[in-house]
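Please look over the sequence and structure first.

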Amino acid sequence: MTDKSVNTPISLASVRQILKKRAFSTPTDSVLTFVVFGALAWLAWSLFDWAILRAVWSAENVAQCGKETSAGACWAVIDARHRLILFGLYPFDQHWRSTLAAVAIVATVVLSCIPLMWTAKRIITLWILGFTTYYLLMEGSLLGLQQVTTDGWGGLSLTLFLFSSVVLLGMPIGLGLALMRRSEMPFVRGFAVILIDFVRSLPLLVTLFTAAVVIPIILPSWLEGDKIWRVIVAFALFFACYQAEVFRGGFQAIPKGQFEAGAALGLTYWQTLGRIVLPQVFRHALPSTINMVVITFKETALVIIIGFFDIMASAKAAFGTGEWAPHYLEVYVFVAFIYWAFIFSLGQYGEYLKGRMAISER
Amino acid sequence: MSKADELRLKAKRRKILIQTGLIGLSIVVIFGAVVTARTNLQSLGLTSGFGFLARSTGWDYSFSLVPKTIMDPYSQTLFVGFLNTLFVGFIAIFLTTLFGFIIGTARDASNIAIKTAATVYVQIFRNIPLILQLVFLYSVLINMPGPRQAMSIADTVFLSNRGLMLPGLSVTPGVAVALLLVSLAFGVFLIWRKSDLLRGLLTWGIGSILMCVIAAIAVRPEGASLVSVPELKGLRFRGGITIPIELLGMIVAITLYGSAYIAEVVRGGLAQVPKGLTEAGQALGLTKGAIWSRIKMPMALRSIIPPLGNQWIFMMKATTIGVAIGFSDLFYIVSISITQSGQTLELIAILAGAFLLVNGGLAIFTNWLNARMKLKAH
Amino acid sequence: MIKKMTLSGVAAAALSLLPAIAMAESPTVQQIKERGTLLCSGHNGSYFGFVEVNDKNEWKGLDIDLCRALTTAILGDPDANQIVPLSWAQRFPALQSGDVDLIIKATGWTMGRDTELGLQFSLPYFFGGTQFMAHGELGITEAKDLDGGTICVEAGTTIERIAANYLSTIGVEHTMVSYESAAELRAAYVANRCDAFAGWGPNLAVLRATEIDNPDAHVILSDQLSSEPISAAMRQGDEEFVDVVNWMLAAMLIAEEEGITSANVEEMAANPPNPRVARLLGSEPGMGERLGLRDTWAREMIAAVGNFAEVYDRNLGAESPYNLDRGLNNLWSHGGVLYAPILD
C-alpha cells in the first residue's frame, strides 16, 4: 500500500491533495493536526534547546553545568567519562584494541546485510572471521599484545561480544532444534518440544542467573568454564529456542512435496535439506530472524544484573562518583542513543527486507 | 527380502538407535548433574532440602500486597514475591493492551499528524532496551521532590519521590483483593459472552467501578470516612492509596515499552484487513468508530491474538527486571533468599516452577481466547 | 610436676620434628600457582575506601590492597591477580562455584555463613558496626525518630538483617527498600528516596565525607546497631589456605608493630633488629616452608603494599580523601582491637 505512493513521482499538487485528504479533511481533523503537530514541534524544540543550544560540551567547562546561565545538557560528563562508558575496565592504554574489535563486529553485521553475502559459505566465513578478529584483538596474547582476560572486557565492546557470540552459537543450535522438532522420531521430537517450550516459558534473566550461579553446582569443575562462557552458552540456548520457532515457521511455508521430489531425484535427506529446502527456509525466515537478532541485542542489557560490566554497568559507573552524580540524565541519554542507533537501523533494515520480499512475491 | 525392504529396515534400525542414544544421553546428563550436585554440595558443607522454607527470613523488602513482618518464613516471603510478580504482570498486561490498541489504531489513522506522533512513540520506545528505560525512568522518578515538597493536584493526589498517593476507598486489603478478582472474572465472563468490543469494555469498566463503590459503602471499616485522602504526617503520607515509586516505575516502564510492541502487533493486524471492507463500511454510512469496532477490529483480532498472547507472556517475564530498582518481585525475593539462605538449587527450582505455571496458564488463556474469537468471526 | 615436664619435653621433641615433615600444600594455593593468577572479589561499582574503580579503570581500596598483598605472598607479583566484579548477593555463590578464590570485600563473619554456607573465615582485619545516616533537614538524632520513614539498605547483606531486626525491636514503623548495588543505593539516598540509609559505619562516614556535596547536611544517628568483625571468606575444607591468609594479615600487623614499612623493609631485612623481624622477613629461613611459600614472601609483600598502617592510611586514613580515624582499627597497643597471633 505504501510502496505505491513511493513509486509515483511527487508533485506539489499531489502533496496538496494528500494533505487535504489526510490532515484537513474536516474541521476537527484540522484542529487535531495543528494540536498534535504543535505538540510534537514543541517537544522537538525543547529537546534541541536542551541537548544542543544550552548544552555544556567540554569537560573543562564543567563548572558551568547546572548554573542558571545554561539549563541545558551537561555533555561534559560524556567528554570526561566516555572511555569508561565505551570500554569499561579495559586497560586504559589498550583502548585502541577495543575500538578496532568493536568495529570488526559492527562491520560483520553490516556486511551480512548485503545480499551478496547470503550464501551459507560466505556468511559463515564472515561471522567466524569477524568473531575471531574480535577475540584476537581483545584477548591479545596470540597477537603478542598484552593479555587481557574476559574479566577486563567491558562497555560497548562487551555488549557487542555477548551479542555476536550468542547469535553465532545460537543460530546452528536453533536450526538443529527446529530440525529435531520436525523429526519423525517421537522421542527426538518430544525432546525438542519439551526443551523449547521449557526454555521459552522462563524469563531470560532466570536462565542467565541459573547459568551464572547454579551450573557450577551441577557440573563437575573441569566442565565449568568461565562465568562469561557459561552465560553466553545459556543465552545462546535461549536464543536458539526462539530461533527454532522462527525456523519452524519457515519450514511450514515449504510444501512437503519438495522432500519427496528430492527423494525422487535420488538425493538423500541431508542433500535435499541442504540444497533445496534450507535456502528457502532461510529466505522465508529472514525478517523474523532479523527481529530475533534485534531483540537479542536489546536483551544483552540484562547481563548487568548478573554482574557483567557491559555498557549499562559502565554507564552507571560513569556517574557513580560524587562529581558526576547529578548528570545521570546525560549519561543515560548517551547510552540510550547508542542502543537506539543500533537497534533502529537493524529494525529499519528488517522492514525494508520485508517490503522487498512482499514485492517479489506479488 | 527386496532391496527397498532392506533399506527401510536399516532406516528403522537407525531411528531406534538414534532415539535410544538421545534418551540414554539425557539420562546420563541428568544423573551426572544430580551426582555432581550432591558431591559438590557435600564438599561445600551445604545442606540441601526444602526445610529452610519454614525458617523465618529476618530481612525486609519494599513492597507487599499483604501484611508482612521479618518473622515471616521463607515460604510466605516467596509467596509474597509471587503475588507481586502476578500483580505487576497483570497490571502491565492490562495497560499495555489498552495503550497498545490505542497507539496501534493511531498508527493506522488517516490523520497524518496522529500517525506521525504514534510512529515517533513506537520508534523511540521499542528500540531501547527495557532495563535501560527502567533504570533511566527510576533515576528520574527518585530525583523528583521529596514528600514535603510533593507535587499535588487539589491536595488529593500527590506525586513525590516516594510514590504516587491517591485518594482511595476505605476498604481492607482483603476486600480489595476480592474486588480485583471479581472484576477479573467479570471481564472473562464478558469475553465468554462474546459481547461487542467497545460496549464490552464500557460495561466492564462501569460495572467494576460501581461494584467497588457499593462494596466500599457496605463493608466500610467502623468510623472511617468513605473516601480516604492522603495527608502528610511526619515523614510520610498516611491514608489513601500509596503506589510506591518502585512499583510506579515498573508499571510505567513496562507499559511504555510493551505498548509500543503491542501497537505494532495491532497495526499488523489492521493492515491485513482488506481495504474493500472499510470502504464498504464507509459506503454504508457507518461512523469511523463503528467501522473500527464492528468491521476492522473483529477481523484484525484473529491475526492479533496469537502474537498478543506472546507479548503477554513477555510482560510477565519482564517483571524480573524489578531487581534492578529494588522492587520485590519473585526473582528479587529468590535472589536475596539465595544469598541469605544459600539454598541455590531449591530456590531456582521454585522460581522456574512458578514461571512455568503462570506462563502455561497465560498460554492456555490465549488459546481459549483465540478459539472464542475464531468462532465468532465465522 | 616431673610428669608435666616430661610431657612438655615430648611435645617439644615432637614439635622440633615438624619442620622436617613437609607441609601439605593447600589445593587452592596450588591452583593459584598453576593458574599464575589469584582471583579476588571486586564490586559492581565502587564501595568507597574498600573496593573502588578510579578514572583509569584500576581497582584500589583497602580490600584490593589486601588482595594484592596475598597475591605477592603467593605469587611474588602484586599484579598477578584478577579482580572479578561481583554484587553483594553474588559473592558467596561466586566463591562456592570457584569464580573467585576468596572474598575480601567488607564481609562480616556470621554463624550462618560459617556453617550453612560452608565458608571459613580468616582473622578479622577490620571492625565496624551498622549505623544509620539520615538527611539533616529532618532534624533526627536517633533511630526512634525514624517512625514512618523509609530506610534504604543493600540487599543480601548482614546490614539488611541487623537493621530490620533493630527497627522491629525498638518498634519503629518503617518502609524498607533494598538495592542490589551500592551505587543504586547511594543514588537513591542522595535523591532523597529514603529518609535514612542503614550502612556500615566506616562506609557511611566515607560517603558523608566525600560523596555528598555538603557533609553537614547529613547526620549519622547515635544508635550503634552492631560491631561486626570483617574477615576474608574462603571455601571450607582448605585449612592450609586459611593459614596462608591469616599469616598474610598477621604479617602486616606485625610489620606495623615492628615499624617495618615499604620504605625500610629491605634495610630491616638486611639488618634485622630482633629475631622476630628476622623470622618475619625471611632473613632467617623457615617462615616460608611452614606455609608452603617462599621464605621472603612477607618481605616482598611489605615492599609491594606496605604494612597495615600504610594500607589503612592510603585507602581510608590521612592520605585518602576520607581521612577516617583509625579508632577500633588500630593496634591493641594504640587503643585499638587489632592484634596478630604470636610469631614463634
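Predicted model: local features only at pLDDT ≥ 70, side-chain atom pairs only at ≥ 80, totals over all residues.

In chain C, five strands form an open sheet. Their order is 10-9-11-8-12, and the pairing is mixed. Strand 10 (175-179) and strand 12 (218-220) of chain C are the edge strands, each pairing on one side only. From one strand to the next, the twist averages 25°.

Strand 9 (residues 150-154) and strand 11 (residues 196-200) of chain C run parallel. Two bridges join them. Here I151(C) stands opposite A196(C) of strand 11.

## A helix on the sheet

Helix 6 (residues 158-169) of chain C packs on this sheet. Helix 6 touches strand 8 (130-135), strand 9, strand 10 and strand 11 of chain C. The direction of helix 6 makes about 150° with that of strand 9 of chain C.

## Chain C against chain B

Here 33 residues of chain C are in contact with 31 residues of chain B. On the chain C side, the elements giving two or more residues are helix 4 (91-96), helix 6, strand 10 and helix 7 (182-190). By class, this side has 12 nonpolar, 13 polar and eight charged residues.

## Chain B against chain A

This contact takes 42 residues from chain B and 38 residues from chain A. On the chain B side, helix 1 (3-44), helix 3 (112-125), helix 4 (130-142) and helix 11 (344-377) each give two or more residues. Helix 1 of chain B gives the most, with 11 residues. The chain B side divides into 26 nonpolar, 14 polar and two charged residues.

Conventions
Residues numbered from 1 in each chain as written. Chains lettered and ligands numbered in written order. Pairing = 2+ DSSP bridges. Helix = DSSP H or I, 4+ residues; strand = E, 2+ residues; numbered from the N terminus. Axes fitted to C-alpha atoms, helices over the stretch in contact; angles between N-to-C directions. Contact = placed C-beta atoms within 7 Å. Nonpolar A, V, L, I, M, F, W, Y, C, P; charged D, E, K, R; others polar.
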